[in-house]
Amino acid sequence: MSEPNAEILALFERAVADLLSAFDVERPPVPVELILQRPRPTMWREVNLSELSLSFISTEHPFSPRMSIARLLARRMCRCDWGAERGLAAFAEDEEALRALARAIVMPRRMLEEMPNAQRTLLNISLRFETPEKDAALRLSELGLTS
């Protein structure tokens, strides 16, 4: 599938807002590891991150492993009842959509929009949200926000 359109991105934003609410996350960085390991009822089964193989984790950038975990979280969200209730089931096997959902989890729209424009640089976003700058650039582009 190609890049998710505005309708799909809006669906992802609503699901991420529900996820953050369920885990009482109000500011970055989003604790993706904790969320993945301690799901709420009707969510995915617990994940033991120590069982992941190193081939699964990207080490291209210091924050790349976090994005790998966010993609795993996105996939789990799409494959559980909780995610199906939010319209995510259709994206469980769509790698581009899963990457976009992972970016939405790590860099929620509301949190990005709360940053003053002058501070919304790729480096600041990378450090504040603990994500590689290339993912920050993609996320800003998806949201139509300038860096």
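Colleague: Before we start, what counts as an aromatic pair, and which planes are stacked or edge-to-face?
Modeller: Rings of Phe, Tyr and Trp (its six-membered ring) pair if their centres lie within 6.5 Å, and planes under 30 degrees apart are stacked, those over 60 edge-to-face and the rest tilted. This is a predicted model, in which local features need pLDDT of at least 70 and side-chain atom pairs count only at pLDDT 80 or more, while totals for chains, interfaces and linings use all residues. Residues are numbered from 1 along each chain as its sequence is written, and side-chain values use heavy atoms, leaving out hydrogens and water.

Colleague: Fine, so how many aromatic pairs turn up in the whole structure?
Modeller: A search of the whole structure finds one. The ring centres of F12 and F91 are 5.2 Å apart with planes at 85 degrees, so this pair is edge-to-face.

Colleague: Where do F12 and F91 lie?
Modeller: F12 lies in helix 1 and F91 in the loop between helix 4 (81–85) and helix 5, so the pair ties together parts 79 residues apart in sequence; helices here are DSSP runs (H or I, at least four residues).

Colleague: Are they buried or exposed?
Modeller: Both F12 and F91 are buried, meaning under 20% relative accessible area with a 1.4 Å probe, protein chains only.

Colleague: Switching to D135, what is the nearest side chain of opposite charge?
Modeller: That is R103, 4.2 Å away, and D135 is buried yet has no salt bridge, which would need a side-chain nitrogen of Lys or Arg within 4 Å of a carboxyl oxygen of Asp or Glu. D135 is found in helix 8.

Colleague: And what is D135 in contact with?
Modeller: Leaving aside neighbours within four places in sequence, D135 is in contact (heavy atoms within 4.5 Å) with M67, R103 and M107.

How values were computed:
Helix = DSSP H or I, 4+ residues; strand = E, 2+ residues; numbered from the N terminus. Buried < 20%, exposed > 50% of the residue type's maximum accessible area, 1.4 Å probe, protein only. Lys, Arg positive; Asp, Glu negative; His and termini not counted.
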